Every structure is written in structure tokens, then in C-alpha cells.
Amino acid sequence: MTATKTPKDKAPKCKKVLLTILTVVVLLGILITAGYFIKRLIESKYFFCKRSFKFIPLDKTCDGIDDCAGGEDEITCLSSFTVNATYPVRLMTSRQILQVYSPSSGWRSVCSEDWTEKHTQTACNQLGYTKVHKQCDKCLVFLFLFHSTVCRSGSVISLSCSDCGEVGFQDRIVGGTDALIEDWPWQVSLQQGGQHTCGGTLVSPRWVVTAAHCFTGSNRELSRWKVVTGRTYMGTLGGTSVDRIIMHGNYDSARNDYDIALMRLSSPVTIGETRRPVCLPPKAFGVAAGASLTVTGWGYLEENGNVSPSLQKANIPLIDHSVCSGPTIYGSSITPRMMCAGFMSGGIDACQGDSGGPLVHYTASKWHLMGVVSWGVGCAQERRPGVYCNVEEMLDWIHTVVEVKTKEIQFHFFLFCFFVLLPPLFMDFMSISFFFFC
């Protein structure tokens, strides 16, 4: 007769099983972690050709030569876009008066008579707030008295297409202070190979405005980029991939003129407390020199220093264009596409790592994107303020790119439905019809 095992006999076996399980879990964790970092290391130096199953150096991508089968290395690359025509819809002044353009009559304010909800939807869509973004659910129309005999009603349309630029208001950037992403939810980190490279600004759930100079050199292949949103503290995990990077076609790297680019996210971000678009400014916004602006980012805390682990903000004044382009400041280096902000005494400024990030202004209960961090001499030096791409001068380009690329998405979806989804459905329908016919 076999003796029954006592609890004392079972205890060592249970401990062995638990120890074995724990060892396996730890080993799996080490292997997964090692695999992740090996993958990151490979991706930072090589591009993988899926069709020909080989690796090529990253500097061979986007160089105009097909190194992969089917030209994989030349397909997912940065592009440029130039606008030579006037975008036909705009909002004017801080009252956001809706105007339309025609070559024969120029710009005309839109009268309120016979205006309908359908017109509101169309105008907001034209301005980039599409149904895909679900922004026009909050389109609002205001009427303003218009001292002219053109409108029978004496009033014109003022349009607000989204809840952009709204946050719970609270009171390194060199000389800056700690900030919370909840107060600046449009701020994003553009990361290449898991490293913070530039800042950027959400202007819709799917579009990010940044600087063109962030994509010079070998930074032109799309798969290397991720957009990290909704974080106060710098992190490298996660992020959203991008399917388009469009630089301004007139970008001049020697002068940093037209220093603006748009990134289209592969999928729209979910809007919430830590992720929300900023408003684009209307034309002729009328922000006066000396007005308080805010710049945010994770850039260097001092010149030639280190990236800040947490989001920083700094309040700086707008500098008059004629002053900044004066011979003792930057002279002819300042073009109409640029604006300056900061203190002539130095001390507070954007710096390396802040490039592409937002310069915003608060008015009419909303934050508006006035500038994109572009360039400067050093960081926070005396009589060398920060220079920013002037967003108001880029509105035609921004609206046109968003409209063209949104239509491109819709067209590609149509092709997908027509050539991929419909044939199987058609064949299923034919099979069912044939069955019943027989």
C-alpha cells in the first residue's frame, strides 16, 4: 500500500514549479526587451525591403534610385507641394468673417441672407474641417453688422468650425518653466528611430504642422517617423505612424525661408483632454507688436545642452517685423514669411529640439497658432530673438494641401472599394443568383 503524500512533501514541488514559471517569464521578458532594442538599432541604420527580403542602408532610401524590388525604398518618401493660386475661402480678422474669392471680383464677405446649415458644412469642409475629422459637428455661425449696401440684411457670416484651441487655462525652452500637456494639448513630439527630433502642432485630428528643416538630410523616409501625442514627459514608446510628409515646395534651406511642412497621421488621434487641435489664425488677425505669445517644447534647457525630459513653456513678446529686420538684428535675413518673438535682452528663447513646435497666442477665448519654431542665432542671446515661420502667411498653402490630400484619401478609398471590395461581393451575388436560377 502506497503512503499518501503529506503537505510537507507537496510544498517543495510547488516551489519548483513556481520557480520554473518565474524563470521562463523572466527569460521571455529579457528576450522581448533585447529583440525590441535590436529591432530599434537595425531600423536606425537600415531599411528592410519586404519584396526582395533584404536590408539596405538608410542613406540609400529616397535618393531617386530603386534599391529594392518594386522601388519600395522610393515609395514612402517625403514630398513637396507648391501653391501658385489663391485659396478661395478664408476667415478674416479676429471676428472670423467668412470671405470667398473669385478672379473677377476679388475677395467678398459672405452675406447672411439665405444662409443654411448646408452652407455652413460646406464652408467648414472647405477650410479643412471635414466630416472625417468630425469637427463640423460644432460649426457655429454668428452674424455681424456690415456697413455696406452689398448685403440686403446688413450682416455678414462669422464662422467657427471647431472647438480647437480650448483648454483649462493655467498659469525648457531656455528660461522657461514646467508645463502640462493638458494646457498645451496640441503639442506633439516628432520622433525618428525612437528619438525626439522636432516639435509639432496638431491642427486637426489627422494633421500636424511642423518645420521643413526637420526633414533635411536622411530624414525623408516615412516609416522612420512617429508622432507622439498627449504626453507631458518625454517618452519613446508608442506614437502614431505617418503616411504623408509634405514640405513647402519653395523651402529654401540656405535662408530657412518657407520653413513649414505638414505631416498626415496614418489614423486620426482621439480628441480629449491631452490631445486637441489648436486653431489656425484668420487672415489679418491683427496681433500687435508686444503682444504676449507662448512657445512650448522639449528642447535644450541651455545652448548646446540637453533635451528637457518634461514639457516646457515660455511667454515672450511679438517683435515688430521692421525692428527684427533692422541692420542691428537680422537685417535682410528676415523675409515676409518670418516673424520674430522674444526679448532683446535675451534669457528666454526656443532652442535645439524645439524646432517645428508651436508659437501660440490667446485671444477670443481660444489659442491660435501664430508661428512655427524655425531658426535663430544661438539660444536666448542678446539682440538675437527667435525666428518663426509666420503661419498667417502660409494659410493658402496649408488649406490647399489639406484639401488636396483629403480628396486623395477619399479617391484611394473609392479605388479600394471598386477594385478590392466590389469584385468579391459581385461574385458572391452572381453565385447566389446562379444558385436560385438553377
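The following dialogue explains how terms are applied to one predicted protein model.

Reader: How many helices and strands does the secondary structure come to?

Author: The protein has 5 helices and 21 strands. Helices are DSSP runs of H or I with at least four residues, strands are runs of E with at least two, and both are numbered from the N terminus.

Reader: Why is Leu22 called exposed?

Author: Exposed means over 50% relative accessible area, buried means under 20%, and partly exposed lies in between, with a 1.4 Å probe and protein chains only. Leu22 has 52% relative accessibility, and therefore counts as exposed. Its place is in helix α1, residues 7–43. As for the protein, buried residues make up 45% of its 438 residues.

Reader: What makes Leu19, Leu22, Val26, Leu27 and Ile30 a patch?

Author: A patch is made of residues with over 30% relative accessible area and no salt bridge; like charges are joined within 9 Å, and nonpolar side chains (Val, Leu, Ile, Met, Phe, Trp, Tyr) within 5 Å. Leu19, Leu22, Val26, Leu27 and Ile30 form a nonpolar patch on the surface, and together they have about 490 Å² of accessible area. Such areas come from the Shrake-Rupley method with a 1.4 Å probe, and for residues only the protein chains shown count as cover. The protein's accessible surface comes to about 22900 Å², of which 60% belongs to carbon and sulfur atoms.

Reader: What makes the contact of Arg264 and Asp243 a salt bridge?

Author: The term requires a side-chain nitrogen of Lys or Arg within 4 Å of a carboxyl oxygen of Asp or Glu. Between the side chains of Arg264 and Asp243 the N to O distance is 2.8 Å, and they meet in a salt bridge. The pair links distant parts of the chain, with Arg264 in strand β15 and Asp243 in strand β14, 21 residues apart. Because its relative accessibility is 4%, Arg264 counts as buried.

Reader: Which other salt bridge does Asp243 form, and with which residue?

Author: The side chains of Asp243 and Arg206 meet at 3.3 Å, N to O, in a salt bridge. Here Asp243 lies in strand β14 (residues 240–248) and Arg206 in the loop between β11 (195–204) and β12, 37 residues apart. Both Asp243 and Arg206 are buried.

Reader: How many bridges join β1 and β2?

Author: Strand β1 (residues 46–49) pairs with strand β2 (residues 54–57) in the antiparallel sense over 4 bridges. Tyr46 stands opposite Pro57 in β2. The two strands form a hairpin with 4 residues between them, and Phe53 in the turn has a positive phi of about 50°.

Reader: Where does UniProt place the feature "active site", and why are these residues said to gather at one spot?

Author: An unreviewed UniProt entry places "active site" at His213, Asp259 and Ser355. They span 143 residues in sequence, yet no two of their C-alpha atoms are more than 10.2 Å apart, so they gather at one spot. UniProt positions are given in the numbering used here, feature names are shortened, and annotations may be inferred rather than shown by experiment.

Reader: Why is His213 called buried?

Author: His213 is called buried because its relative accessible area is 19%, and the limit is under 20%. His213 lies in the loop between β12 (207–210) and β13 (225–229).

Notes: Residues numbered from 1 in each chain as written. Predicted model: local features only at pLDDT ≥ 70, side-chain atom pairs only at ≥ 80, totals over all residues. Heavy atoms only, no water. Pairing = 2+ DSSP bridges.
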